[in-house]
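The exercises below each set a task and then work through the solution step by step. Please keep the sequence and the model in view while reading.

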Amino acid sequence: MLIKYFLIISGVLLPYLTISQNKVLIARFEHQCTMPLAYPDYFQNKPFTDSLLKITSQWAKNNFKAASVDYKRRNPITYMPGIMEYSSVRSIANTDFDMAISIVSTLFTENEIRKIPKNSAQLQMQIEVTDRNERRLYRNKIKVDVVIGEVSGFYNETKISETDFQTLYFETLQATLGLKPKAKGYAFQQPTDQALVNFIELADRLNYQVLNRGAFEWQEAIGTRQVALKLSTPFYAKAENRYERGASFINPYTQKEYQLNAMLTGKLADRVTLHFYQQEVVTAILKSNESREEFQISGKIDDYKVNLTRNLKTNLVKIYFNEDLKALLVYQRGKPDYDAQYDLYLSRQASVELRSEIAGLLLGEMLIQAVRKYYELESQYPSKKREDN
């Protein structure tokens, strides 16, 4: 006959004694955060995740007489760029496991909790252990405050370094497991993105000016390059709830004319699909996406895999071709979508062809914003004319 004795007082586990050897499943190990740029996914570091699994497994063996501790995921720790309401772990009644462990950590910022100051955060971690009958054997929750000393500069986007995050997370996990006292708080210094610093040191610096919502120019040694969209009338397809807008432009480097078409649907208003055409041949397919922190365009232009990201707080724009950083737009002044001035840092190895593609990509961003603006206006103030389409 199986005899078990356990006692939980205020979330603190007293030794769980058993004459059997238990099989334990780490059913959930999850970290949530709504600011993935400021607090990125550092769980891709295998030695770090291995250390978290090791201490958790040893804790289970010491306190629950676990003969084995397993997890059934390819990536043992899940990073979620969003915050979900906490839910109990799924039942293990129909498995060969005796107990399940759930570890959920959430990093809150001023976006979620008003009393949290700017450049600060609060890490909350909750651990639960349940048996096959979903009885709770252990539960503990820890809250730890974090302050980040901000460093001015456009290349200081990340709020916490990988080393500091590892310290914060590992020590909080130990406290939640009851292995050490909870820290009163943590203070870290915002790191510098050395990759951006290195890029800037080897890049050409140009003046970049947004002339209006459909045109811009930049000044090179050989003269000013001005690029402008010729926008067509926006269109609404009622049956598909689809919003479209087209445009054309002549590339200043190749003197070739391109046609563009941007489209979104009401169901996915934050995602725009953009096609480039040259003599009716598709030369690029791009898609946009937006989060609270970042606007992003990704896809292919000719044979290039491209990615453009715009930080919605700093308006720093990064442009990658085949995953290599090729250009930076550093915001200086003005209205971002109307008359803004930037410093453009361009790779010195950027060929005429690459400069041509960058110009097209930046115009593509303008058309995407134009169709999104059309959707926003039509959603708020529907016109009578569109009902005829």
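**Exercise 1.** Find how the side chains of Glu220 and Arg355 meet, and state whether the two residues are buried or exposed.

*Solution.* The side chains of Glu220 and Arg355 form a salt bridge with an N to O distance of 3.4 Å, where a salt bridge is a side-chain nitrogen of Lys or Arg within 4 Å of a carboxyl oxygen of Asp or Glu. Glu220 belongs to strand 13 (residues 215-220) and Arg355 to helix 4, so the pair ties together parts that are 135 residues apart in sequence; helices (H or I, at least four residues) and strands (E, at least two) are DSSP runs numbered from the N terminus. Both Glu220 and Arg355 are buried, with buried meaning under 20% relative accessible area, exposed over 50% and partly exposed in between (1.4 Å probe, protein chains only).

Before going on, note that this is a predicted model, in which local features need pLDDT of at least 70 and side-chain atom pairs count only at pLDDT 80 or more, while totals for chains, interfaces and linings use all residues. Residues are numbered from 1 along each chain as its sequence is written, and side-chain values use heavy atoms, with hydrogens and water left out.

**Exercise 2.** Work out which span helix 4 should have, and how many of its residues are buried.

*Solution.* The expected span is 1.5 Å times one less than the number of residues. Helix 4 is mostly covered, since 21 of its 29 residues are buried.

**Exercise 3.** Describe the salt bridge between Glu323 and Lys305, and say how exposed each partner is.

*Solution.* The closest N and O atoms of Glu323 and Lys305 are 3.1 Å apart. Glu323 lies in the loop between strand 23 (317-321) and strand 24 (324-333), and Lys305 in strand 22 (residues 304-311), so the pair ties together parts that are 18 residues apart in sequence. Glu323 counts as exposed because its relative accessibility is 61%, whereas Lys305, at 45%, is partly exposed.
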